[in-house]
Amino acid sequence: MFAKADFDGDAVSDLAVYDPATGDWWIRSLSAVPPTIAAGLNWGFPPSVVPLWGDYDGDLIADMAVFDLATGNWWIRSVANVPATIAALNWGFAGTEPLSGDYDGDGVHDLAVFDPLTGEWYIRSLVVVPATILFALPWGTADMVPVPGDYDGDGIFDLAVFDTVTGNWYIRSVASPPKIIAFGLPFGTSDMIPVSGDYDGDGIFDLALFDTTTGNWWIRSLVVDPPTIVAGLNWGNSGWIAVPGDYDGDGICDLAVFEPISGNWWIRSLSAVPPTIAAGLNWGAPGFVPVLP
């Protein structure tokens with residue numbers, strides 16, 4: 001499975017932060033020497049764009065993307081290739097939330113947005129003609145948070161939402177007719193943020209939650225019995241941001257948190273001994289935000 005936020009192609013997730021005041025990106029590796037991949041590289045503009053990463057050209061290296069919340073415009077550029085610009089186009093509208101993922105299984109991330117008012121999804125390919133994969137497909141409601149991922153292991157991202165009121169999950173495939181993977185599955189509470197990924201290395205996304213009040217993690221498998229992978233494991237504090245990824249290259253998602261006040265990262269493995277990958281590693285500054293998928 002493609003490592004989250006891998007900007008240098010070494011199959012290890014990198015630390016990526018974005019300065020919303022300037023539009024600059026700062027990216028560093030945990031495995032390469034020298035570690036810096038990008039330092040103050042400008043791609044974005046304040047105040048209405050949000051950063052996200054994805055492999056939008058299929059080279060197995062994460063690209064830099066920004067989405068304009070006011071207009072629905074996307075700007076995407078490669079860190080590795082020349083010419084750098086991959087796309088500058090409109091897909092979405094004011095109020096929609098950008099999402100990354102491969103929704104057609106071609107190995108290239110697609111443009112996806114979720115309308116929180118209607119629960120509708122809009123997805124288009126950057127390489128396939130015709131480009132539209134989904135248009136205004138309802139899957140969710142106003143109280144739900146989109147959490148796309150490959151929850152059945154077929155190599156294609158599925159539509160998933162987490163209900164912040166009930167703590168229930170609803171997951172379906174993009175195929176027509178859809179395969180229902182989970183419907184009203186209880187796992188979580190309103191204080192938790194969904195942070196799905198493959199935390200047991202079986203190639204299938206697991207349900208994962210980070211408790212923003214306590215810093216505790218809760219993770220369960222959809223295919224393994226018993227399903228519990230992690231139950232109330234503390235890694236983080238109130239106000240920290242969860243940024244899971246494969247930071248040691250073992251093919252398993254690690255627990256990672258970013259401390260926005262200090263710009264420090266704390267990362268721990270679920271499989272290695274000792275588990276700590278990074279403890280208080282500074283990469284960022286006050287006001288910076290970690291780049292999320």
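**Reading the model, feature by feature**

Tutor: Begin with burial. Of the 293 residues in the protein chain, 49% count as buried. Keep in mind that this is a predicted model.

Student: How many helices and strands does the protein chain have?

Tutor: The protein chain has 0 helices and 24 strands. Its radius of gyration is 18 Å, close to the 19 Å that the globule rule gives for 293 residues, so the chain is as compact as a globular protein of that length. Along the principal axes, the C-alpha atoms fill a box of roughly 50 × 45 × 30 Å.

Student: What share of the contacts joins residues 24 or more positions apart?

Tutor: Among contacts with a separation of 6 or more, 39% are between residues 24 or more positions apart.

Student: Next, charges. How do I read them?

Tutor: Side chains of opposite charge can pair when their charged atoms come close. The structure holds 1 salt bridge.

Student: Which side chains meet in that salt bridge?

Tutor: Those of D152 and K179, at 2.9 Å from N to O. The pair links distant parts of the chain, 27 residues apart: D152 is in the loop between strand 12 and strand 13, and K179 is in the loop between strand 14 and strand 15.

Student: Is D152 buried or exposed?

Tutor: D152 has a relative accessible area of 19%, and the cut-off for buried is under 20%, so D152 counts as buried. K179, at 44%, counts as partly exposed.

Student: What about R124: which side chain of opposite charge is nearest to it?

Tutor: The nearest is D110, 7.9 Å away. A salt bridge needs a nitrogen within 4 Å of a carboxyl oxygen, and R124 has none, although it is buried. R124 is found in strand 10. Beyond its sequence neighbours within four places, R124 is in contact with L89, W91, D110, L111, A131, T132 and I133.

Student: Where is C253 found?

Tutor: C253 is in the loop between strand 20 and strand 21. With a relative accessible area of 6%, C253 is buried. Leaving aside neighbours within four places in sequence, its contacts include K4, Y199 and L270.

Student: And N264?

Tutor: N264 is found in strand 22 and counts as buried at 17% relative accessibility. Not counting residues up to four places away in sequence, N264 touches V257, F258, E259, G280, L281 and N282.

Student: Finally, how do I read the backbone angles?

Tutor: Most residues other than glycine have a negative phi, and most peptide bonds are trans. Look for the exceptions. The peptide bond from V33 to P34 is cis, with omega near -5 degrees, and P34 lies in the loop between strand 2 and strand 3. Another cis bond joins S176 and P177, where omega is about -5 degrees. P177 is in the loop between strand 14 and strand 15.

Student: Which value does phi take in A11?

Tutor: A11 has a positive phi of about 65 degrees, although it is not a glycine. A11 lies in the segment before strand 1 and is partly exposed, with a relative accessible area of 44%. A136 also has a positive phi, near 60 degrees. A136 is placed in strand 11 and is partly exposed at 23%.

Notes:
Residues are numbered from 1 along each chain as its sequence is written. This is a predicted model: local features need pLDDT of at least 70, side-chain atom pairs count only at pLDDT 80 or more; totals for chains, interfaces and linings use all residues. Side-chain values use heavy atoms; hydrogens and water are left out. Helices (H or I, at least four residues) and strands (E, at least two) are DSSP runs, numbered from the N terminus. The radius of gyration is taken over C-alpha atoms; the globule rule is 2.2 Å times the number of residues to the power 0.38. Buried means under 20% relative accessible area, exposed over 50%, partly exposed in between (1.4 Å probe, protein chains only). Contact means heavy atoms within 4.5 Å. Lys and Arg count as positive and Asp and Glu as negative; His and the chain ends are not counted.
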